[in-house]
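This briefing goes through one protein chain for a reader who has the sequence and the coordinates at hand. The sequence and structure come first, and the notes follow.

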Amino acid sequence: MEKIRLKFKSVSEIVGSEEIGLLILTDEDEQRQLAIPCDKAMLREFGLRLGHAQVVGRLLPEVLWHVIAMQTDLQFEVLITGIIEGQYRALLMNTETLDPVAIRISDAVLLAYIARLPISIDADLMAKQSVPYDSEARGVAIPVNTISTDMLEDALAKAVEEEKYELASHLRDELRRRKKGEMDN
């Protein structure tokens, strides 16, 4: 599998939604970006770290990583491997043994940020899911297949209410695709 190295770029709130935000990752050359949906709790976690809050050094992720680093010389990387039911799949990989541990994508990005771990993504997945990066852009495009089913249903209701029928059709098709996938499994 060919991998592309990513770097954490920023956190963004989604206008009109207090419960969901986006973690923005770019390739190393900052040509392409990947938007990863996250919950309000994760927005808060990143806010503490980006704001350099004094308490950060005593928070559980930092303390546990400090203990791991003191006790071992293990090397890790975060690997983004796919999308299932609207969520990116990530692994915390031991780079020596290649032993994987599944981890929620937003937690993986937070851990990578704290521990300065490399983040990689399958090149084919990056090609499919990323959009051009523009540091001056005021908005962020996110692929519909990265949005949770609940978010899709809410977006569909809003699109119908606002008479945005083309968008509603696209959202409905994604919901049907997911439901069909559930029945096939």
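The points below cover the nonpolar cores, the strands and the aromatic rings of this predicted model.

**Nonpolar cores**

- The largest nonpolar core has 30 residues. Those with the most contacts inside this core are Leu-6, Leu-25, Leu-34, Ile-36, Ile-80, Val-109 and Leu-117.
- Helix α3, residues 105-115, supplies eight residues, the largest share of this core.
- Another core, of nine residues, lies apart from the largest one. Among its members are Ile-147, Met-151, Leu-152 and Ala-168.

**Helix α1 and the residue after it**

- Helix α1 spans residues 40-50, and Met-42, Leu-43, Phe-46, Leu-48 and Arg-49 are buried in it.
- His-52 follows α1 and has a positive phi, near 55°.

**Strand β3 and its partner**

- In strand β3, residues 32-39, six of the eight residues are buried, so the strand is largely enclosed by the rest of the structure.
- β3 is joined to strand β8, residues 131-132, by two bridges, and the two strands run antiparallel.
- Within this pairing, Arg-32 stands opposite Pro-132 of β8.

- Strand β4 (residues 76-84) and strand β5 (residues 87-94) pair in the antiparallel sense, with eight bridges.
- Ile-80 has Ala-90 in β5 as its bridge partner. Ile-80 is also one of the residues with the most contacts inside the largest nonpolar core.
- The hairpin formed by β4 and β5 has two residues between the strands. Glu-85 in this turn has a positive phi of about 50°.
- β5 also pairs with strand β6 (residues 100-104), again in the antiparallel sense, over five bridges.
- Met-93 has Pro-100 in β6 as its bridge partner.
- β5 and β6 form a hairpin with five residues between them. The turn includes Leu-98, whose phi is positive at about 65°.

**Aromatic rings**

- With centres within 6.5 Å as the cut-off for a pair, the count comes to four aromatic pairs.
- Phe-8 and Tyr-113 have ring centres 5.3 Å apart and planes at 65°, so this pair is edge-to-face.
- Phe-8 lies in strand β1 (residues 3-14) and Tyr-113 in helix α3, so the pair ties together parts that are 105 residues apart in sequence.
- Phe-8 has 18% relative accessibility and counts as buried, because the limit for buried is under 20%. Tyr-113, at 28% relative accessibility, counts as partly exposed.
- Phe-46 and Tyr-113 also form an aromatic pair, which is tilted, with 5.9 Å centre to centre and 55° between the planes.
- Phe-46 belongs to helix α1 and Tyr-113 to helix α3, so this pair ties together parts that are 67 residues apart in sequence.
- Phe-46 counts as buried at 0% relative accessibility.
- Ring pairs link Phe-8, Phe-46 and Tyr-113 into a cluster.

Methods. Residues numbered from 1 in each chain as written. Predicted model: local features only at pLDDT ≥ 70, side-chain atom pairs only at ≥ 80, totals over all residues. Heavy atoms only, no water. Core = buried A, V, L, I, M, F, W, Y, C linked by side-chain atoms within 4.5 Å. Buried < 20%, exposed > 50% of the residue type's maximum accessible area, 1.4 Å probe, protein only. Helix = DSSP H or I, 4+ residues; strand = E, 2+ residues; numbered from the N terminus. Pairing = 2+ DSSP bridges. Phe/Tyr/Trp six-rings, centres within 6.5 Å; stacked < 30°, edge-to-face > 60°.
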